[in-house]
Amino acid sequence: MRTLIIYYSETGATEVISQVLAHYLNADLVQIHDMKPRSGFKNKLSASFDAFRENKTEIYPPTIDLTNYDLVYIGTPVWASKPTPSIITIIDSLNLQGKDVILFATMSNKGGSSTIERMDEKVRARGGRVIESFTVKTKDKGSNQLIRDAESIIEILDLKIYK
Ligand SMILES: Cc1cc2nc3c(=O)[nH]c(=O)nc-3n(C[C@H](O)[C@H](O)[C@H](O)COP(=O)(O)O)c2cc1C
């Protein structure tokens with residue numbers, strides 16, 4: 001079974017989780033880039049607004065060919081209790097017919113379940129089957145702690161069985 005991990009990360013936490021998953025699950029990784037500037041106070045306010053409104057954004061790559069993959073992970077930071085605009089945009093470009101999907105979200109401390117719920121609705125609407133999901137709290141955690149968190153999620157959810 002070939003696995004792909006699609007993620008967006010602004011400050012690196014979702015990236016660390018994605019890299020640990022890719023390492024242990026022997027998966028390919030694709031990082032989505034948002035062409036709209038998102039750092040700095042003013043941009044963060046508009047980022048929250050865009051996420052809350054589910055505004056689309058310009059992304060790179062604009063879409064991904066999933067032909068060679070059976071299992072697709074999609075990971076996002078939580079913004080205003082929603083997936084990021086870049087993740088909303090990429091999901092809406094994917095052909096997920098017949099694909100198994102695992103969703104994950106990283107957050108300071110809340111909004112993870114509403115984020116997963118919204119991604120779940122969008123993935124199902126595109127023909128994907130959500131088989132698992134998880135959230136990770138990232139507040140005040142360095143890379144080493146995030147790596148340990150990802151390793152324990154892989155064990156607890158038995159993610160290696162989908163390899
Ligand atoms: C614009 C913006 C909105 C955010 N909104 C939330 C939120 O609603 N709930 C929360 O717990 N964390 C929120 N956060 C914190 C991020 O979800 C958290 O730091 C996440 O792990 C960042 O992932 P990243 O390092 O991969 O970008 C927000 C961060 C930003 C920049």
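# Notebook: helices, core and ligand shell

For burial I used C-beta atoms placed from the backbone: a residue is buried with 20 or more other C-beta atoms within 10 Å of its own, exposed with 12 or fewer, and partly exposed in between. Helices (H or I, at least four residues) and strands (E, at least two) are DSSP runs, numbered from the N terminus.

I noted the ground rules next. The model is predicted, so I note that local features need pLDDT of at least 70, side-chain atom pairs count only at pLDDT 80 or more, and totals for chains, interfaces and linings use all residues. Residues are numbered from 1 along each chain as its sequence is written.

**Entry: α2**

Contact here means C-beta atoms, placed from the backbone, within 7 Å.

I then checked the length. α2 has 13 residues and reaches 19 Å from first C-alpha to last, close to the 18 Å expected at 1.5 Å a residue. The expected span is 1.5 Å times one less than the number of residues. Just after α2, Glu-54 has a positive phi of about 60°.

**Entry: α1**

I moved to α1, residues 13-25. This helix has 13 residues and spans 18 Å between its end C-alphas, close to the 18 Å expected. Which residues of α1 are buried? I found Ala-13, Thr-14, Glu-15, Val-16, Ile-17, Ser-18, Gln-19 and Leu-21. They pack against β1 (3-7), β2 (28-31), β5 (71-77), β6 (100-107), β7 (129-137) and α5 (143-156). Asn-26 follows α1, with a positive phi near 55°.

**Entry: the core**

Leaving aside neighbours within four places in sequence, Ile-17 contacts Gly-75, Phe-104, Thr-106, Val-136, Leu-146 and Ala-150. Ile-17 is also among the residues with the most contacts inside the largest nonpolar core, along with Ile-6, Tyr-73, Ile-74, Ile-91 and Phe-104. That core has 39 residues. Its largest share, 6 residues, comes from β6. A nonpolar core is a set of buried Ala, Val, Leu, Ile, Met, Phe, Trp, Tyr and Cys residues joined through C-beta atoms within 7 Å.

**Entry: the ligand**

I looked at what surrounds the ligand. There are 22 residues around it, and Ser-9, Thr-11, Ala-13, Thr-14 and Pro-77 come nearest. To be near, a residue needs its C-beta atom, placed from the backbone, within 6 Å. α1, α2 and β6 each supply at least two residues of this shell. By class, the shell has 7 nonpolar, 11 polar and 4 charged residues. Ala, Val, Leu, Ile, Met, Phe, Trp, Tyr, Cys and Pro count as nonpolar, Asp, Glu, Lys and Arg as charged, and the others, Gly among them, as polar.

Most residues other than glycine have a negative phi, and most peptide bonds are trans. I listed exceptions. The peptide bond from Tyr-60 to Pro-61 is cis, with omega near -5°. Pro-61 is in the loop between β4 (59-60) and β5. Ala-80 has a positive phi near 50°. Ala-80 lies in the loop between β5 and α3. With 16 other C-beta atoms within 10 Å, Ala-80 is partly exposed. Asp-158 has a positive phi near 55°. Asp-158 is in the segment after α5. Asp-158 counts as exposed because it has 9 C-beta neighbours inside 10 Å.

**Entry: two single residues**

Thr-115 and Lys-82 are 33 residues apart in sequence and 4.4 Å apart in space, C-alpha to C-alpha. Beyond four places in sequence, contacts of Thr-115 include Thr-76, Val-78 and Ala-105.

I ended at Lys-163, in the segment after α5. Lys-163 counts as exposed, with 12 C-beta neighbours inside 10 Å. Not counting residues up to four places away, Lys-163 touches Met-1, Thr-3, Leu-25 and Asn-26.

Terms used: Contact = placed C-beta atoms within 7 Å.
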